[in-house]
Amino acid sequence: MYENAFNKIERDLRAEEGIANELDYVEQTSWVLFLKYLHDLETERSDRAELDGEDYTPIIEGEFNWDKWAAPKKDSEFDHNAARIGDDLIKFVDQELFPYLGSFRQSATSPQTIQYKIGEVFTELRNKFRSGYILRDVLEAVDGLSFNTQAERHELSQLYETRIRRMGNAGRNGGEYYTPRPLIRAMIKVTAPKIGETIYDGAVGSAGFLCEAYDYLRTDKLSASEYETLQAKTFFGQEKKGLAYIIGIMNMVLHGIEAPNLIHSNTLNENVMDIQEKDRHDIILANPPFGGGERREVQQNFPIRTGETAYLFLQHFIRKLKAGGRAAVVIKNTFLSNTDSASIALRKELLEAAELHTILDCPAGTFQGAVVRTVVLFFDKGAPTRDIWYYQLNPGRSLGKTNPLNDDDLSEFVKLQRTRAPGLNSWIVNRADLDEGTYDLSVKNPNTPEAEALRSPEEIISDMLARDAETAQILEDIRGML
């Protein structure tokens, strides 16, 4: 229903000189979609209040209302005479609309309110449209979209996810903005969150983990109180980068979460020793950024000091998890075997502070646009590790843009993980069998036939000389028969 509208917006944006790539496309589409979503939300709330005989005070008022500046109407039809266009439209957006919306961050009563989210988004974001004529075309296309029903929001969320995936693939690191949804769904099925538990992602990115968890938990059988719990008391996240924060907010909104509990901050600035019980969560699902080079003052917040961003996040997650909580975290597979002191110390801490019960080894190509191999660590808080169940994912084909990971590829893993059954691709390693000096957790499938050992050069030369001697003898025998 909305595919044509999204395609039209994309065509319009290609002609906009201020928008250079897929990242700009998603960013600029996001703020326009966000304001249309807020307009539909306000209209719904106003209608509901009127039916109940109550007054409703709108969040966005006066000339800043969508129907005033973006899509003015007359007799329910678009009023071209009243619509701003060209330089007049760009000037209004840059000098009036964005400053007005950004001021909500100061006036909001709490960071958990939709007003605060509006303020954060429009303080962080900049309008990149240079042509008021192209922006006018985009506004009219978005005005034709509706957020009024769950089906409409679902379709819009799917289209938005497609754009996020393309944005992730366009970047140097495909995993920065987009974790493959089949992998996320498998991680959620293994951790099995329940209504009433809190779910946290400290490197939220485009909020794929939280959105998929919401879809997993949301059913038609929820009571009103359970639905309210799902909306306001279940999903929590933090994100450092402004663009990712905006996209995460929009993605959660499109999935049906009205006021996402996302905080725009650097998670690693928090001293992990200051984390208290009230700060902890039942479920952690995350794909923290790899590489990086964190500053020394950031490293001071962690007992194991390292410049590797993912290692700092893992320490954060271990301490952010409640007793009895479950976590699933994506990390580079080199973490399992690196011999530097930080890697060894962190593996030891993970084994002692939590029960690392499962390691999923992902094949090359799982993350499109990223060259690193990854594993997923599944661990529970409350008891040290006894043994680890490994599963080596083998989809039977090379993964890539035209052949991405799918849910069927992970179905056996999800099924076998329930009982941690052994198989051709799965096995168990006992904690007692690990090297106490290195705590090496490398993936070494004992069911894979060992390749025949290569012969030494001396053996090869000896064999060649023996064959030469044998050949010479045969030739001499033949000469004697002539």
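Biologist: How many of the eight residues of E9 are buried?
Modeller: Six of them, so E9 is largely enclosed by the rest of the structure. Keep in mind that this is a predicted model.

Biologist: OK, and which way do E8 and E9 run where they pair?
Modeller: Antiparallel, with seven bridges joining E8, residues 354–361, to E9, residues 374–381. Within that pairing, Ile359 sits opposite Leu377 of E9, and Ala354 faces Lys381 of E9.

Biologist: What about E7 and E9, in what sense do they pair?
Modeller: Antiparallel again, over seven bridges, with E7 spanning residues 321–332.

Biologist: Zoom out for me. What is the order of strands in the open sheet?
Modeller: It goes E5-E4-E3-E6-E7-E9-E8-E10-E11, nine strands with mixed pairing. The edges are E5 (261–264) and E11 (426–430), each of which pairs on one side only. From one strand to the next, the twist averages 15°.

Biologist: Remind me, what holds strands of a sheet together in general?
Modeller: Backbone hydrogen bonds, with the strands either parallel or antiparallel.

Biologist: Now the helices. Which strands does H10 lie across?
Modeller: H10 (residues 208–217) lies across E3 (199–201), E4 (235–239), E5 and E6 (281–286), and it runs at about 170° to E4.

Biologist: And H15, which strands does that one lie across?
Modeller: H15, residues 341–353, lies across E8, E9 and E10 (387–392). Its angle to E8 is about 120°.

Biologist: Which residues of H11 are buried?
Modeller: Thr229, Leu230 and Gln231, in a helix that covers residues 224–232. H10 and E4 are among what covers them.

Biologist: Switching to backbone geometry. What is the phi of Ala207?
Modeller: It's near 65°, a positive value in a residue that isn't glycine. Ala207 is in the loop between E3 and H10.

Biologist: Is Ala207 buried or exposed?
Modeller: Buried, because its relative accessibility is 0%, and the cut-off for buried is under 20%.

Biologist: What about the phi of Arg420?
Modeller: About 50°, also positive although Arg420 is not a glycine. Arg420 lies in the loop between H16 (407–417) and E11.

Biologist: I've also got Thr198 flagged. Where is it?
Modeller: Thr198 is in the loop between H9 and E3. With a relative accessible area of 13%, Thr198 counts as buried.

Biologist: Which residues does Thr198 touch, leaving out those up to four places away in sequence?
Modeller: Lys233, Thr234, Phe236, Arg280, His281, Asp282 and Ile283.

Biologist: And how far apart are Thr198 and Val429?
Modeller: They are 231 residues apart in sequence and 31 Å apart in space, C-alpha to C-alpha.

Biologist: Which residues line the largest cavity?
Modeller: Leu35, Leu38, His39, Glu42, Ile60, Phe64, Asn65, Trp66 and Trp69. The elements giving two or more residues to that lining are H2 (22–51) and H3 (66–69), and H2 gives the most, with four.

Biologist: How does the lining of the largest cavity split by class?
Modeller: Six nonpolar, two polar and one charged.

Biologist: Then the second largest pocket: how much space lies in it?
Modeller: About 360 Å³. There are 21 lining residues, and the closest to the centre of the pocket are Arg165, Tyr178, Pro180, Arg181 and Pro182.

Biologist: Which helices supply at least two residues each to the lining of the second largest pocket?
Modeller: H8 (150–170), H9 (181–191) and H10. H8 has the largest share, five residues.

Biologist: And by class, what's in the lining of the second largest pocket?
Modeller: Six nonpolar, eight polar and seven charged residues.

Definitions and conventions
Residues are numbered from 1 along each chain as its sequence is written. This is a predicted model: local features need pLDDT of at least 70, side-chain atom pairs count only at pLDDT 80 or more; totals for chains, interfaces and linings use all residues. Side-chain values use heavy atoms; hydrogens and water are left out. Two strands pair if DSSP finds at least two bridges between them. Axes are lines fitted to C-alpha atoms, for helices over the stretch in contact, and angles run from 0 to 180 degrees between N-to-C directions. Contact means heavy atoms within 4.5 Å. Buried means under 20% relative accessible area, exposed over 50%, partly exposed in between (1.4 Å probe, protein chains only). On a 1 Å grid over the protein atoms alone, a cavity is a set of points where a 1.4 Å probe fits but cannot get out, and a pocket is an open set with protein on both sides within 12 Å along at least five of seven lines; lining residues have an atom within 4 Å of a point. Ala, Val, Leu, Ile, Met, Phe, Trp, Tyr, Cys and Pro count as nonpolar, Asp, Glu, Lys and Arg as charged, and the others, Gly among them, as polar. Grid points are joined across faces, edges and corners, and a volume is the space filled by probe spheres set on the points.
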